[in-house]
Number of protein chains: 2
Amino acid sequence: MSKIASLIPASLRSAKPSLIRVLNNKYGSDPQMVNLTIGEPDFNTADHVKLAAIKSILDNHTHYPHNWGTPGLRDAISQYLATHFGVHYDPSSEVFVTEGASGAISTIINGLCQPGDIVLIPCPAYTLYRINAQMAGAKSVELRTQEPDFKVTPQLLKDALDKYGSRVKVLVLNYPVNPTGVTYTPDELRALATVLKQYNVAILDDEIYAELTYEGHHFSLAKLLPDQTLLVSGVSKNAAMTGWRIGYICGPNDVLRSLAKVHQAAISTTATMNMDAAEEALRHGDHDTAVMKAAYDQRRQYLIKAMKKICFHFTQPSGAFYLWVKIPDNFAGNSMAYAEHLAEKAKVAIVPAAAFTNLPVRYFRISYAASMEKLRQAITGFAKVFADDQASYND
Amino acid sequence: MSKIASLIPASLRSAKPSLIRVLNNKYGSDPQMVNLTIGEPDFNTADHVKLAAIKSILDNHTHYPHNWGTPGLRDAISQYLATHFGVHYDPSSEVFVTEGASGAISTIINGLCQPGDIVLIPCPAYTLYRINAQMAGAKSVELRTQEPDFKVTPQLLKDALDKYGSRVKVLVLNYPVNPTGVTYTPDELRALATVLKQYNVAILDDEIYAELTYEGHHFSLAKLLPDQTLLVSGVSKNAAMTGWRIGYICGPNDVLRSLAKVHQAAISTTATMNMDAAEEALRHGDHDTAVMKAAYDQRRQYLIKAMKKICFHFTQPSGAFYLWVKIPDNFAGNSMAYAEHLAEKAKVAIVPAAAFTNLPVRYFRISYAASMEKLRQAITGFAKVFADDQASYND
């Protein structure tokens, strides 16, 4: 142990890194393994977006940008949200560019929460909310959603808000949902908003998968509760730009002014040429998104059919690029054990429910941001394991 | 006020943003003003570095990288530090890529400090150390250095470490120093190391200006105290790459493993193509740095001569691209008032000492990362104000 290692607080030393990253690092380099762990588009960034970045570089946009983001990108975000989802933000005061949607999530939680405060998280949920609550010294409280769709209900919300009172600073709402692939209808959001507006709680409204809604149209909570909502999104998923690290927060100016200090202390600003690329994607990316969405939808439909045929049960997916699958009752172990079972026997890497909740939920997540070929390979593996397991169970 | 604005902790609401940014935003858009506030190279990134980024984009390096940084960049950092400064880090376990040096600073302070802990900062110093201590709920203690060179001494260090004991988690050491332009000799660093090794304190060793050392050679504290030092640097200053946002931390693996969790929670990873550009800059950037350094040195020598002629007193600068100038005794106001005086009367924007210390230091910082033409304009303005002020004083 190095001399200064003892200075690391015990809570940080023992903090577990994201299980998704651990599994991706573990299985990502195995050529025998079909890796369906990570939520990363298998598409490359579109050529016209890459050209915009190249033009930016050639134009020497290599200097510090404004620390709220370039005026061009902030304007593009404002216009994109207005035309696509009917929500309206002033680009010069209500739009703030962050280092990916991750930067938005950490900024909101760190900005609003002090030690002892509470972040409410309907679970299963993306790991980063919980990790950032922990980093801020806050307590994350899981809202225990139910099968089959694992959606948060007005009653669940009300009970938690009444129970924890003013200690609750942030409620996380993410839809389409990672990892379940479900989303919320306008009526469901209206019912949640009716509860939420009775409480002074900020909503970390993560709509990063908004454009990947296959059934019905995406509807934003920001239309209902503009004064309470911090809308988080980015270009990673809809424009296949994970490696560029551009996200954003939209919300009331007085809150953004404070959050800007948190983000600036953490990283000063995001990269200039990357913002120019994101601007192009938001202004002229609709066709790219449509093409990718059609491909994801094809995979989704293939998986629904194939997994049904194997006799897996799963949550009906209508958004994002995830299938949330129930672990067969006759498997004795927990979700982590089943993930290892599938890796070993089916040569398919998936993410167990343990990555998304501390509750003993017996599910796993398949990311279908992978080629049809890989998905077919995976299905072959799953079918074999499922049949073998049933056979051994019937022995 | 928006509904949720009341949820922002009072400490954050009242936290002041960086005075440098405030002044840059205030004066940067005034075409009449010579803006010498910000520490940003006026050079563009070199063409071969831009081409490396373009190649990376064309090769579709648009996906998530490893969250410690690309193997190529980590290897380049390791080799660069070994050949340039004789410090040795294993690229696969002792090098971690961050979002600019800012990301390194925030990660170290947030990772090591819990509420109530202490960060020791020899002042005057770059604002971000103090701001991040505040964000972490830690207390920053300024070490009161003295004219004319404002360097921290072994005695100052020892007194503070004895006084505050084990509450001290981090000592900041930055050299060449922003804002004074001084640097430390190997003997001075040896004397500081002799004290430091008697205490269990981590050294946030910010060497971002290492290559801009005009007199003597840069010597790294990491050679003396590898087990206690977290070496922070990046490509912003030596390679004119501020807009790309690539920095790094090198240090003991067991500490980096914990710090990686902090950085990953905050922003997941840095951008892939930007890391490819930084790799090229570190592998093949020596000539670019030499050309820029010669230009900075010319400006430095011009400023030394011209400011002496005006009869300004200043700290002898031997590194970075800053001149630290004493406010004439006959000026009645504080450093902020003098900055406003120069902006109004000389049409030159500089940064007052108030941006770098809470102590009443009567100095200001000139950034000479600006063209000779601008510097000549500034000198004309300074000369006029100095003469007018002396005349009015003698009235």
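Residues are numbered from 1 along each chain as its sequence is written, with chains lettered from A in the order in which they are written. As the model is predicted, local features need pLDDT of at least 70 and side-chain atom pairs count only at pLDDT 80 or more, while totals for chains, interfaces and linings use all residues.

**View 1. How the two chains relate.**

**View 2. Where chain A touches chain B.** Here 68 residues of chain A are in contact with 68 residues of chain B (contact means C-beta atoms, placed from the backbone, within 7 Å). Helices α1, α3, α5, α6, α9 and α10 of chain A each supply at least two residues to this side (helices are DSSP runs of H or I, at least four residues, and strands are runs of E, at least two, numbered from the N terminus). The most comes from α9(A), with nine residues. By type, the side of chain A that touches chain B has 31 nonpolar, 26 polar and eleven charged residues (Ala, Val, Leu, Ile, Met, Phe, Trp, Tyr, Cys and Pro count as nonpolar, Asp, Glu, Lys and Arg as charged, and the others, Gly among them, as polar). The copies meet through the same surface, since 100% of the interface residues of chain A are also interface residues in chain B.

View 3. Five of the five residues of β6(A), 202-206, are buried, so the strand is largely enclosed by the rest of the structure (buried means 20 or more other C-beta atoms within 10 Å of the residue's own, with C-beta atoms placed from the backbone). Ala202(A), Leu204(A) and Asp206(A) are on one side, Ile203(A) and Asp205(A) on the other.

**View 4. The neighbours of β6(A).** Strand β5(A), residues 168-174, runs parallel to β6(A) and is joined to it by five bridges (strands pair if DSSP finds at least two bridges between them). Val172(A) sits opposite Leu204(A). With β7(A), residues 229-234, β6(A) pairs in the parallel sense over four bridges, and there Leu204(A) has Leu230(A) as its bridge partner.

How values were computed. Contact = placed C-beta atoms within 7 Å. Buried ≥ 20, exposed ≤ 12 C-beta atoms within 10 Å, placed from the backbone.
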